[in-house]
Amino acid sequence: MQLSIITLSLTHMNKLPNQLFGRYRKNHNLKLKDVAFLLKMDEGNLSRFENGKYQNPKAYLGYHFLFNLSINSPIKDLFYDDNSELIHRCFQLIEILETKSNTNKNRLRLKGVNTIIKRLTEQQESYDENK
């Protein structure tokens, strides 16, 4: 799935159109509650974040990792050190989704999470090789 890359700057969070984040989530066929689960965030706060009513660095970084958005900040090095918890939560979400009805929407959600796992695993392997 090819997505446009936008640049995130933690010093300019209030200038970023947060509404784009909802599009990235939807392009991966994920519900708001799926991303909230992955990021260990309250669904209401994440909704307010996507609607531009709530600025949250954790949400910005979470969307960066999940949807491969570029981030221009040395803070990313703190998080690239270990994606294992986020990968683990992706697998937990897959287990949850597999208990749901086998609908097209749920199959697409599973596909979206699997795409995220693949990319995060590749990033982690690349990071580990360059250490």
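Lys40 lies in the loop between H2 and H3. Here helices (H or I, at least four residues) and strands (E, at least two) are DSSP runs, numbered from the N terminus. Before going further, please keep in mind that this is a predicted model, in which local features need pLDDT of at least 70, side-chain atom pairs count only at pLDDT 80 or more, and totals for chains, interfaces and linings use all residues. Residues are numbered from 1 along each chain as its sequence is written, and side-chain values use heavy atoms, with hydrogens and water left out.

Now for the backbone. Lys40 has a phi near 55°, which is positive although the residue is not glycine. Most residues other than glycine have a negative phi. Lys40 counts as partly exposed because its relative accessibility is 46%; buried means under 20% relative accessible area, exposed over 50%, and partly exposed in between (1.4 Å probe, protein chains only).

Asn68 also has a positive phi, of about 60°, and is not a glycine either. Asn68 belongs to the loop between helix H4 (57–67) and strand E2 (70–71). With a relative accessibility of 32%, Asn68 therefore counts as partly exposed.

Helix H3 covers residues 43–50 and includes Glu50. Glu50 counts as buried because its relative accessibility is 8%. The side chain of Glu50 makes a polar contact with the side chain of Tyr63, at 2.5 Å. A polar contact is a pair of N or O atoms within 3.5 Å; within protein, one must be able to donate a hydrogen and the other to accept it, and residues adjacent in sequence count only if both atoms are side-chain atoms.

Next, the wider setting. The protein has 7 helices and 2 strands, running β-α-α-α-α-β-α-α-α from the N terminus on. Of its 131 residues, 43% are buried.

Finally, how confident is the predictor? The pLDDT gives its confidence in each residue, from 0 to 100. The protein averages 80, and 76% of the residues score at least 70. Confidence is highest in helix H2 (residues 32–39), at a mean of 97, and lowest in strand E1 (residues 7–8), at 42. Over residues 1–16 the pLDDT is below 50, and this stretch has 38 contacts in the model beyond near neighbours in sequence, where contact means heavy atoms within 4.5 Å. Where pLDDT is low, the predicted coordinates should not be read in detail.

Note on methods
pLDDT = per-residue confidence, 0-100.
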